[in-house]
Amino acid sequence: MRILGIDPGLRTTGFGVIDVEGAKLRYVASGTISTMHLARGELPARLKVLCDGVREVMARYQPQHASVEIVFVNVNPQSTLLLGQARGACVGTLVSGDLMVAEYTALQMKKAVVGQGRAQKNQVQEMVKRLLNLPGLPGPDAADALGMAITHAHAGHAIARMAQSTELVRKASGLYRAGRTR
């Protein structure tokens, strides 16, 4: 199984791709998609760069699953809204590419990778390096994205077992049923 992890950001979005065979994890690729070459006020252009970048990563590495970090609420509501739009662009692109998308909080990822939810960025980088047997530390955004993929590799087995033993059905509340025309 090939998993694409995404750490969404409006300026820099990290991506990480791993292969999973049983309990073995194998590094495939990682990097960042940057919009820093664009002016801050060019939100639509930045979102397009993110969509195009995620689409290119999907086309190049052909993942079967994706995992994306859930946005936390910042002190600054404007920052939270902008980050949410970047995350939405990434999730929308993944879903339009027919990928199953799992979502995890940064706390869940840190707990799965480091063993504690309050881990620092450098601890995540070091554990990702060790778990994937990398020659050097990945950048912080790429490490978080690889951490998302690792989290899904661990959680994916449990989710698959639950799906086999119980009926997982999408709730109608999230689906369009009927609307008013006036």
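One term before we set off: a residue is called buried when its relative accessible area is under 20%. Keep in mind, too, that this is a predicted model.

**Stop 1: Thr35**

Select Thr35, which sits in the loop between strand S3 (24-34) and helix H1 (43-61). Is Thr35 buried or exposed? Its relative accessibility is 0%, so Thr35 counts as buried. Now show what surrounds it: setting aside neighbours within four places in sequence, Thr35 is in contact with Leu10, Arg11, Arg46, Val49 and Leu50.

**Stop 2: the sheet**

Next, pick out the strands. Five of them form an open sheet in the order S3-S2-S1-S4-S5, and the pairing is mixed. In general, strands of a sheet pair through backbone hydrogen bonds, either parallel or antiparallel. Which strands stand at the edges? They are S3 and strand S5 (100-104); each has a single partner strand, so one side of each has no neighbour in the sheet. Look along the sheet and you can follow its twist, which averages 20° from one strand to the next.

Zoom in on S4 and S5. These two run parallel and are joined by five bridges. For a landmark, select His65, which stands opposite Met100 in S5. Then bring in H2: this helix packs on the sheet, where it touches S1, S2, S4 and S5, and its direction makes about 170° with that of S4.

**Stop 3: two helices together**

Two packed helices are described by the angle between their axes and the distance between the axes. Here H1 and H2 pack at an angle of about 35°, and their axes are 9 Å apart. The crossing of H1 past H2 is right-handed. To see where they meet, show side chains: from H1, pick residues including Leu47, Leu50, Cys51, Val54 and Met58, and from H2, residues including Leu82, Ala86, Cys90 and Leu94.

**Stop 4: two cysteines**

Stay here and select Cys51 and Cys90. How far is the sulfur of Cys90 from the closest cysteine sulfur? The distance to the one in Cys51 is 7.0 Å, which is too far for a bond.

**Stop 5**

Now for Val54, in helix H1. With 1% relative accessibility, Val54 counts as buried. Beyond its neighbours within four places in sequence, Val54 is in contact with Ile6, Ile33, Cys90, Thr93 and Leu94.

In soluble globular proteins, nonpolar side chains tend to be buried together.

Select Leu4. Leaving out neighbours within four places in sequence, its contacts include Phe15, Val57, Met58, Pro63, His65 and Leu94.

Terms used. Residues are numbered from 1 along each chain as its sequence is written. This is a predicted model: local features need pLDDT of at least 70, side-chain atom pairs count only at pLDDT 80 or more; totals for chains, interfaces and linings use all residues. Side-chain values use heavy atoms; hydrogens and water are left out. Helices (H or I, at least four residues) and strands (E, at least two) are DSSP runs, numbered from the N terminus. Buried means under 20% relative accessible area, exposed over 50%, partly exposed in between (1.4 Å probe, protein chains only). Contact means heavy atoms within 4.5 Å. A disulfide is a pair of cysteine sulfur atoms within 2.5 Å. Two strands pair if DSSP finds at least two bridges between them. Axes are lines fitted to C-alpha atoms, for helices over the stretch in contact, and angles run from 0 to 180 degrees between N-to-C directions. A crossing is left-handed if the near helix is turned anticlockwise from the far one by less than a right angle, and right-handed if clockwise.
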